[in-house]
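Please consult the sequence and structure shown below while reading.

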Amino acid sequence: MHDDSEHAAIARQVGRFVRLSERLFATLKVHEAGRGLERPAYVLLSRVAVDGPFRLSALAADVSVDLSTVSRQVAALENAGLVRRAPDPSDRRASLIEVTELGSEVFAENRERWLAIWDELLGGWTPEERQTFADLFTRLNRSLVDRLPGTTPERDAR
């Protein structure tokens, strides 16, 4: 059965966007040694760089990934010198994952490449079209934040 409602059309396009975005991101690895990031590493590094530091459990919840998986991924970022563990001032038994100077640089390089692709993709759009799209996409994301428990507009805006 094919549903031609506006909601179904939007759902199809959102699904397609997610799939194509994943494929696009896979093409963006930087070929300089140690500077390119796979998507899972970029997601974690970006969350820590933009909104960190995080406790490991909070980071896992933030990106909706199992704690053991995030723990392995953070260990790899730590081994690469992109993040480090620091004592949590509110609980000496816990640690916080924070970005290093190198991590900030690598995040900035990868983000710059990602934004350059979006600049290219939207280059044929007028400034008004880009602004309308940004406004509508922001509105959709706000609706998602309102629907999902544990999300906040401030933290999930970036």
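The pLDDT is the predictor's confidence in each residue, on a scale from 0 to 100. Averaged over the chain, the pLDDT is 86, and 88% of the residues score at least 70. Over residues 30-34 the pLDDT is below 50, and this stretch has 4 contacts (heavy atoms within 4.5 Å) beyond near neighbours in sequence. The model is predicted, so local features need a pLDDT of at least 70 and side-chain atom pairs count only at pLDDT 80 or more, whereas totals for chains, interfaces and linings use all residues. Residues are numbered from 1 along each chain as its sequence is written, and side-chain values use heavy atoms, leaving out hydrogens and water.

**Overall fold**

The chain holds 6 helices and 2 strands, taken as DSSP runs numbered from the N terminus (helices: H or I, at least four residues; strands: E, at least two). From the N terminus the order is α-α-α-α-β-β-α-α. Of the 158 residues, 26% are buried, meaning under 20% relative accessible area with a 1.4 Å probe and protein chains only; over 50% is exposed, and values in between are partly exposed.

Buried residues of H2 include Ala-41, Leu-44, Leu-45 and Val-48. Among the elements that cover the buried residues of H2 are those tabulated here.

| Element | Residues |
|---|---|
| Helix H1 | 6-26 |
| Helix H3 | 56-63 |
| Strand S1 | 83-88 |
| Strand S2 | 91-99 |
| Helix H5 | 101-121 |

Helix H4 (residues 67-79) also packs against H2 (residues 39-51), at an angle of about 85 degrees and with the axes 10 Å apart. The two helices are therefore roughly perpendicular, a term for angles of 65 to 115 degrees. Pro-40, Ala-41, Leu-44 and Leu-45 of H2 meet Val-70, Gln-73, Val-74 and Leu-77 of H4. These contact residues divide into 7 nonpolar, 1 polar and no charged.

**Two loops**

Most residues other than glycine have a negative phi, and most peptide bonds are trans. In the loop between H2 and H3 lies Pro-53, joined to Gly-52 by a cis peptide bond with omega about 5 degrees. Ser-64, in the loop between H3 and H4, has a positive phi near 55 degrees. Ser-64 counts as exposed because its relative accessibility is 67%.

Key
Axes are lines fitted to C-alpha atoms, for helices over the stretch in contact, and angles run from 0 to 180 degrees between N-to-C directions. Angles under 35 degrees count as roughly parallel, over 145 as roughly antiparallel, 65 to 115 as roughly perpendicular and the rest as oblique. Ala, Val, Leu, Ile, Met, Phe, Trp, Tyr, Cys and Pro count as nonpolar, Asp, Glu, Lys and Arg as charged, and the others, Gly among them, as polar.
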